[in-house]
Amino acid sequence: MVVRFVRDEGSRAPKEDPGTLNELPAPPRQLLDRHGARVLDPATSTAVPGRPVPRTTVYRPGVFLMPNRYLHDQGTLDAVNGVLARIGIYAEPADRGDTKASARARQLEDLPVRALLHVREDSDPVVVDCWKAVQLLRGASAGENPEIDPEIVAKISVEHLVFSTPVFGGVPWETSGLGGTPWETSGFGAGSSYGRTRGANRIPVTLSAAPPHRSAEPAHRRPVVAVLDTGIGPHPWFGLADRSGPPPAGSGLRVAPDIQAAILQAETDSGVTVPTQLLSDYWDAPTTGQPLIGDVDTDTGHGLFIAGIIRQACPEADTLAIRVVHSDGVAYEGDVLLALHLLADRVRSAQADNRPEDMVDIVSLSLGYYEENPVDVAYTGQFAAAITELTDLGVLVVAAAGNDATTRRFYPAAFAEQPPGPNGGPPVISVGALNPDRTASKALFSNEGPWVRCWATGAGVVSTYPDDVRGTASADHEVPDQGRNSFDPDDYSAGFAVWDGTSFAAPLAAAEIGKALLKTAGADLATVERDTVVKRAWTALGAL
């Protein structure tokens, strides 16, 4: 496998094509309905005078995001609701419970949390749409005499649906027939060399190989790669025979029950009025979102596949698996931001209290979204702040560039364009996908642009897959009396699969960084004081 960091890609990479600014793979209606989401259509969206026409994105209309410090300040909330009364709605905090998870989240004053939108009792019937609400607040904050503080409104945003990078239908090249991608309009479609079977390009394979060797008792602290993805499943490489308990100590795979509990509580709170699929724990389940059909979900096994890549490429590292993505490839922005802020809180506490065992060195993100505002960076403040909080602590953040064959910026990967944070932490490392061929050419599906700063093998990747996953598909040709049949496309009992996407290039780059940390720091990894960690991160990047 190949990892190639580039320092001058900006001068040679294609610039953003104006013709692709509104391109977005069309999510199937059933996916939108499952998560209570809507596509923002520039042709019909609410506009504010003097502001640019928005681009396409996907969001949840019944909720918006607002920092804790504002949402739980009654005066600020009254000011917001005074403006929203014009369109017959009001906002209230979703997190009104007194659970331990809710209390911990409320301690993070800058954490963007969900505000639920309701129809006022004195209102005529209205369509509840957070995009219209946010636009109204932006209009009320403009001018010489704003009705509401512009600094507060700048921190209020829609809650995007965030997608794992195999995109809608589970594959970059759309063999599923849902449409909306360059592949179907350019003649590739199911005939593309990437297309394989059953509408998803992953297929089960057999790998006759022992788990890559890990030292039993290393002389140094192991680097830790946090993977925010679909969670985990059983596999012998990680000592998981079934789903009855967490990964055993020393397996190379860890979980974070406290962060999972906070995510579940936040989803439960918002699920009172907003359609919400709950992530109950760190297990990647259920296998299918359509039990009457039984097909394996598009992104089932995604997180364990990534953990296997890290195990292969940097076996001395540990993977900290945090489930924020549903098995259909959808994450809620609020959940991702919550996980990022709680990770930063964990690292900050580890550094302050000298607890190396709680340290996280790298965060790998194989997910993202397309921002709706043409002046992207001005409106991605909440995601940018969460990322900067981590990088300023010396945590290296690696993000997949996306699989839509576009130059349109995909966030958080596109934050790679931004300079280091105020405390000198390293920038985001954005990763595009390479083919596994002799020349390691760029994969046809990979996004590209001056914001992509690293390229790694992301096609034809073989890695671990939950060995208890079975779908309803079966061999398409059988000769029962001869004991012969063709290939069963969704029986993963062998425990491995082959898959493609920038989703898998990003953790490979993260593993390469892990090896650089081991090489350049070694025993120094036991020191977790912030300045040392920041310097260590820069040194590791410089060695690549």
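Modeller: Let's start with a term: a strand is a DSSP run of E, at least two residues long, and strands are numbered from the N terminus. One example is S5, residues 112–119, which contains His 118. Keep in mind that this is a predicted model.

Biologist: Okay, let's stay with that residue. Is His 118 buried or exposed?

Modeller: Buried means under 20% relative accessible area. His 118 has 15%, so it counts as buried.

Biologist: Which residues does His 118 touch, leaving out those up to four places away in sequence?

Modeller: Its contacts are Gly 88, Ile 89, Tyr 90, Glu 92 and Thr 273. With Glu 92 there is also a polar contact of 2.9 Å between the two side chains.

Biologist: Now the sheet. How do strands of a sheet pair?

Modeller: They pair through backbone hydrogen bonds, either parallel or antiparallel. Here, 8 strands make an open sheet with mixed pairing, and the order is S1-S16-S15-S14-S12-S8-S10-S9.

Biologist: Which strands stand at the edges?

Modeller: Those are S1 (3–5) and S9 (253–255); each has a single partner strand, so one side of each has no neighbour in the sheet. From one strand to the next, the twist averages 25°.

Biologist: Which way do S1 and S16 run, parallel or antiparallel?

Modeller: Antiparallel, with 3 bridges between S1 and S16, residues 454–457. Look for Phe 5 opposite Cys 454, and for Arg 4 with its bridge partner Trp 455. On S15, residues 429–434, the pairing with S16 is parallel and has 4 bridges. There, Ala 433 is partnered with Ala 456.

Biologist: How do I read the two faces of a strand?

Modeller: In a regular strand, side chains alternate between the two faces of the sheet.

Biologist: What about helices?

Modeller: An α-helix has 3.6 residues a turn, so residues three or four places apart point the same way. In H12, residues 381–391, the buried residues are Gln 382, Phe 383, Ala 386, Ile 387, Leu 390 and Thr 391. They pack against S3 (57–67), S5, S6 (157–164), H11, S12 and S14.

Biologist: How are two packed helices described?

Modeller: By the angle between their axes and the distance between the axes. Take H9, residues 257–270, and H11, residues 333–353: their axes come within 10 Å and cross at roughly 145°. The crossing is right-handed.

Biologist: Which residues make that contact?

Modeller: From H9 you get Ile 259, Ala 262, Ile 263, Ala 266 and Glu 267, and from H11 Asp 335, Leu 338, Ala 339, Leu 342 and Leu 343. Sorted by class, the contact has 8 nonpolar, 2 charged and no polar residues.

Note on methods. Residues are numbered from 1 along each chain as its sequence is written. This is a predicted model: local features need pLDDT of at least 70, side-chain atom pairs count only at pLDDT 80 or more; totals for chains, interfaces and linings use all residues. Side-chain values use heavy atoms; hydrogens and water are left out. Two strands pair if DSSP finds at least two bridges between them. Axes are lines fitted to C-alpha atoms, for helices over the stretch in contact, and angles run from 0 to 180 degrees between N-to-C directions. A crossing is left-handed if the near helix is turned anticlockwise from the far one by less than a right angle, and right-handed if clockwise. Contact means heavy atoms within 4.5 Å. Ala, Val, Leu, Ile, Met, Phe, Trp, Tyr, Cys and Pro count as nonpolar, Asp, Glu, Lys and Arg as charged, and the others, Gly among them, as polar. Buried means under 20% relative accessible area, exposed over 50%, partly exposed in between (1.4 Å probe, protein chains only). A polar contact is a pair of N or O atoms within 3.5 Å; within protein, one must be able to donate a hydrogen and the other to accept it, and residues adjacent in sequence count only if both atoms are side-chain atoms.
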